[in-house]
Amino acid sequence: MVKLTRAIMLALAALVAAFAVGCGSPGESSDDAETTATTSATERVDVAAAGDVTLTVWDQEVRGGQDAQIRRLNEQFQEKYPNVTIRRVAKSFEDLNTTLKLAVSGPRAPDVVQANQGRPVMGSLVRARLLRPLTDYAEVYGWDDRYSKLLIDLNKFSADGRQFGTGDLYGLSQMGEIVGVFYNKRLVRRLPETLEQFEAQLAEAKRAGQTPIQFGNLDKWPGIHEYETVLGRYASPQAVSDFVFAADGASFDTPEFTEAASAIQGWARAGYFTEDFNGVGYDPAWQRFTRGESPYLIAGTWLVADLARAMGDDVGFMVLPGQSADDEPVALGGEGLPFTITTASRNPDVAAAYIDFITDANAARVLVETDNLPAMFVPEGVAPTDGLIGDVFAAWRALNEANGIIPYLDYATPTFYDDISGAIQELLAGKQSPEQFTAGVQSKFSEFTGSL
């Protein structure tokens, strides 16, 4: 599976925060046909009867299997509806974000664009009324039934763009992702069933002279993944989601968040992480894992292809176990950039049919066949069951069924990536106590929520 690195995504946060003054070329032209839009959709549009339509779509599905799946689905859609021409504009993630706002606000805006979740991008576009709400289409097409509640909520905003995770739906995502625990099967003979057993294996590996968990935090963002993976075993998924979505009464400074901070700081003090981890890069860390230097690696499913290529059948994947063997699975994760419809689109009904097509059961099959992890529920018999990719699909299904996916903390505010990543570095270096860590992060969060 190919995934845009979180490093690239997070490094762009500051750039996207200044979105209103972004620069770039305007969008490609839609056709000059009369609009087929409805004021509020109440039934599926008959695409074949819509006349000749050119649908301009901006996406960033440019890598490997991502490009393969969108090309195949675009071809299938045009074969099914010969009256529709898809004018695809494929951009890198960086180019998409630097040109998107100007494009969708111009007189020749695309019909469909991928707009990143969270307050900096989607929230900005919603606030400027540049994206069409899709709640009516969701009801017509039954989109809520394709995803877990969290994945639907990640693409929701209030009409004024101030409330994240609630209100109208503004997009649908194709790709799913999980941050979990990769393990070396040569070094891990028996999978731990509880968090206590996992920590006992870390201690055993340390006594044997191994580095229990490969971890490089020079890039700062991996620390968010490490902390939040542990957080999911102490705080409830609802508590984490409430914080990210800035729900009333949500707080970072709680006993559960502090307990998770204490646990991961304890791992650092015990030497369970790579030596000098705050000075080691993300890529060197996972590459050491592939060479058999550690039993465990906490990382995202975007590394699946690289790890499988390097380790073959010797690598597996699991979700960090809970306090009890009976605990429901919980893991940090989410979905790729959602496909949205611009308010300037002349063909929103056809655009909605297109989004429906690239996220339906057939699309899920195409994603699987091109080595991608669908965000949508996958039909029975379609998901692979063997090897590393089989482990990932099994975890994804279990997490969605349990509503156990928790969102990335850095979605919380426009500046939260810097706030949380720096604080985690200090926590793991022992420069802050767990209590100071959670109180300090909450202070930054309160500055933002006070402006809502």
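Visitor: Which residues form one aromatic cluster?
Guide: In this predicted model, one aromatic cluster includes the tyrosine Y227 and the phenylalanines F243 and F252. Its complete membership is Y227, F243, F252, F257, F416, F437 and F445.

Visitor: How many aromatic pairs does the structure hold?
Guide: Rings of Phe, Tyr and Trp pair if their centres lie within 6.5 Å. By that criterion, the number of aromatic pairs in the structure is 25.

Visitor: Is the pair of Y227 and F252 stacked, edge-to-face or tilted?
Guide: A pair of aromatic rings is described by the distance of the centres and the angle of the planes. For Y227 and F252 the centres are 6.1 Å apart and the planes stand at 40°. Planes under 30 degrees apart count as stacked and those over 60 as edge-to-face. The pair of Y227 and F252 is therefore tilted.

Visitor: How many residues apart are Y227 and F252?
Guide: Y227 belongs to helix α9 (residues 221-231), whereas F252 lies in the loop between α10 (237-244) and α11 (255-269). The pair thus links distant parts of the chain, and its two members are 25 residues apart.

Visitor: Is Y227 buried or exposed?
Guide: Residues under 20% relative accessible area count as buried. Y227 has a relative accessibility of 0%, so Y227 is buried.

Visitor: And is F252 buried or exposed?
Guide: The cut-off for a buried residue is under 20% relative accessible area. Because the value for F252 is 0%, this residue is buried.

Visitor: Is the pair of Y408 and Y411 stacked, edge-to-face or tilted?
Guide: Both Y408 and Y411 are buried. Their ring centres are 5.8 Å apart, with the planes at 80°. Planes over 60 degrees apart count as edge-to-face. The pair of Y408 and Y411 is therefore edge-to-face.

Visitor: Which residues of α14 make the contact with α3?
Guide: On the α3 side, the contact is made by I70, L73, N74, Q76, F77 and K80. By class, this contact has seven nonpolar, two polar and one charged residues. The α14 side consists of V350, A353, Y354 and F357.

Visitor: At what angle do α12 and α13 pack?
Guide: Helix α12 (residues 282-290) and helix α13 (residues 304-311) have their axes 9 Å apart. α12 passes α13 in a right-handed crossing. The packing angle is about 35°.

Methods:
Residues numbered from 1 in each chain as written. Predicted model: local features only at pLDDT ≥ 70, side-chain atom pairs only at ≥ 80, totals over all residues. Heavy atoms only, no water. Axes fitted to C-alpha atoms, helices over the stretch in contact; angles between N-to-C directions. Helix = DSSP H or I, 4+ residues; strand = E, 2+ residues; numbered from the N terminus. Left-handed = near helix turned anticlockwise from the far one by under 90°. Contact = heavy atoms within 4.5 Å. Nonpolar A, V, L, I, M, F, W, Y, C, P; charged D, E, K, R; others polar. Phe/Tyr/Trp six-rings, centres within 6.5 Å; stacked < 30°, edge-to-face > 60°. Buried < 20%, exposed > 50% of the residue type's maximum accessible area, 1.4 Å probe, protein only.
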